[in-house]
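Look at the structure below before reading the notes.

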Amino acid sequence: MTDKPFRKTGEAAISETPLHPRRVSRRIMVGPVPVGGGAPISVQSMTNTKTADVGATLQQIAELTAAGCDIVRVAVPNQEDADALPQIVAKSPIPVIADIHFQSKYVFQAIDAGCAAVRVNPGNIRKFSEVGPSICRAAEDAGISLRIGVNAGSLDKELYEQYGGPTPEALVASALKEARMFEDVGFRDFKISVKHHDPVTMVETYRLLASKGDWPLHLGVTEAGPAWQGTIKSCVAFGALLAEGIGDTIRVSLSAPPVEEVKVGCKILEYLGLRERKFDIISCPSCGRSQVDVIQLANAVTDGLKGITAPIRVAVMGCIVNGPGEAREADLGVASGNGKGQIFIKGKVVETVKEDQIVETLLRYANEIAATMDTSNDSSATALATGPVVIPVTEGK
């Protein structure tokens with residue numbers, strides 16, 4: 001068993017969206033990351049490596065962390081994967097959740113390995129009604145949290161037949177059944193997910209569940225599809241729920257590299273006012289008024305600044321109608337037309353360049369401005385910019 005101290009709540013910042021007060025939920029801890037109770041909404045993803053390949057798994061976790069991931073889940077479908085957990089937990093820079101299906105013995109092994117939490121799907125764990133209380137006691141003794149994961153694809157057969165399919169009522173009934181079992185043995189350190197592939201059904205399900213109790217909720221549109229389709233589904237569903245104050249941690253599920261999930265998740269929170277914005281580009285649509293190739297210009301600037309993490313806003317505008325106004329409002333902007341571009345910094349024109357010099361000029365100024373915004377050495381400034389507050393843990397507290 002690892003000696004990493006978990007479950008110290010401390011005093012975390014409270015995160016509110018400007019659109020709606022957050023739903024009141026109780027707080028749990030996933031390692032040092034608070035979930036629920038108004039804590040900043042965390043972004044999760046899941047590795048797609050073979051967990052038993054420790055090197056590859058840790059490399060991917062490092063990439064996810066760099067992209068803004070707060071919590072990572074690893075699959076544990078077999079004994080080799082379970083055996084790899086202690087090494088992964090010991091070296092991961094962010095809390096590790098073990099994803100367990102079918103075999104309850106891996107749950108206990110994950111707890112012993114020091115995982116920050118374990119995701120269990122009661123619908124497919126053999127004899128869960130018998131082993132569930134033991135899992136709760138082991139988690140309580142280890143000081144870790146659990147997640148009840150209810151999916152449309154693994155709904156209990158009796159509930160499926162009773163409700164005629166994976167309806168919101170059926171999914172919530174399944175979640176409530178397992179939640180009551182946990183709470184009947186005195187275990188309360190768990191969050192719940194009730195995922196569905198259809199955004200409308202997913203939203204209806206979480207709304208219903210949110211009305212039934214104060215559990216922290218993990219949001220997800222399961223099997224959302226390829227990157228473009230899954231991004232749209234996730235934006236629709238997460239936007240609706242988070243705008244109502246529902247949701248404490250999120251995972252965007254894409255048929256794409258896991259880093260892309262994190263990028264989408266972070267941006268959803270940024271644009272809802274739930275996470276401090278980083279680099280953002282404003283560009284006009286292509287239309288008949290444009291006097292430059294706005295699509296090419298915006299793509300070139302975006303690609304050239306893809307490594308920027310400072311909260312700089314760049315406006316790339318292609319005509320004189322909205323161009324000057326938008327460019328003035330941004331940290332840096334260009335209003336293009338008549339074969340040239342006016343470069344604005346904080347609302348003032350600093351230079352006029354030829355059209356073929358616009359990109360290189362914007363990139364130069366952007367990097368200069370970003371350097372002055374660098375707050376990497378200021379922990380208080382980066383806490384919300386990079387996600388949930390990490391609560392320092394001290395022995396004896």
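In which sense do β11 and β12 pair, and over how many bridges? The two strands, β11 and β12, pair in the parallel sense over four bridges; strands pair if DSSP finds at least two bridges between them. This is a predicted model, in which local features need pLDDT of at least 70, side-chain atom pairs count only at pLDDT 80 or more, and totals for chains, interfaces and linings use all residues. Residues are numbered from 1 along each chain as its sequence is written, and side-chain values use heavy atoms, with hydrogens and water left out.

**Overall build**
- The protein has 13 helices and 15 strands, taken as DSSP runs (helices H or I, at least four residues; strands E, at least two) numbered from the N terminus.
- Of the 397 residues in the protein, 53% are buried (under 20% relative accessible area; exposed is over 50%, partly exposed in between; 1.4 Å probe, protein chains only).

**The sheet**
- Five strands form an open sheet with mixed pairing, in the order β11-β12-β13-β14-β15.
- β11 and β15 (348–354) each have a single partner strand, so one side of each is left without a neighbour in the sheet.
- Ile281 has Val314 in β12 as its bridge partner.

**The annotated site**
- UniProt, in an unreviewed entry, places a "binding site" at Cys284, Cys287, Cys319 and Glu326; such annotations may be inferred rather than shown by experiment.
- Cys287 lies in the loop between β11 (280–283) and α10 (294–304), and is partly exposed at 32% relative accessible area.
- Cys319 lies in the loop between β12 (313–317) and α11 (323–329), and is buried at 9% relative accessibility.
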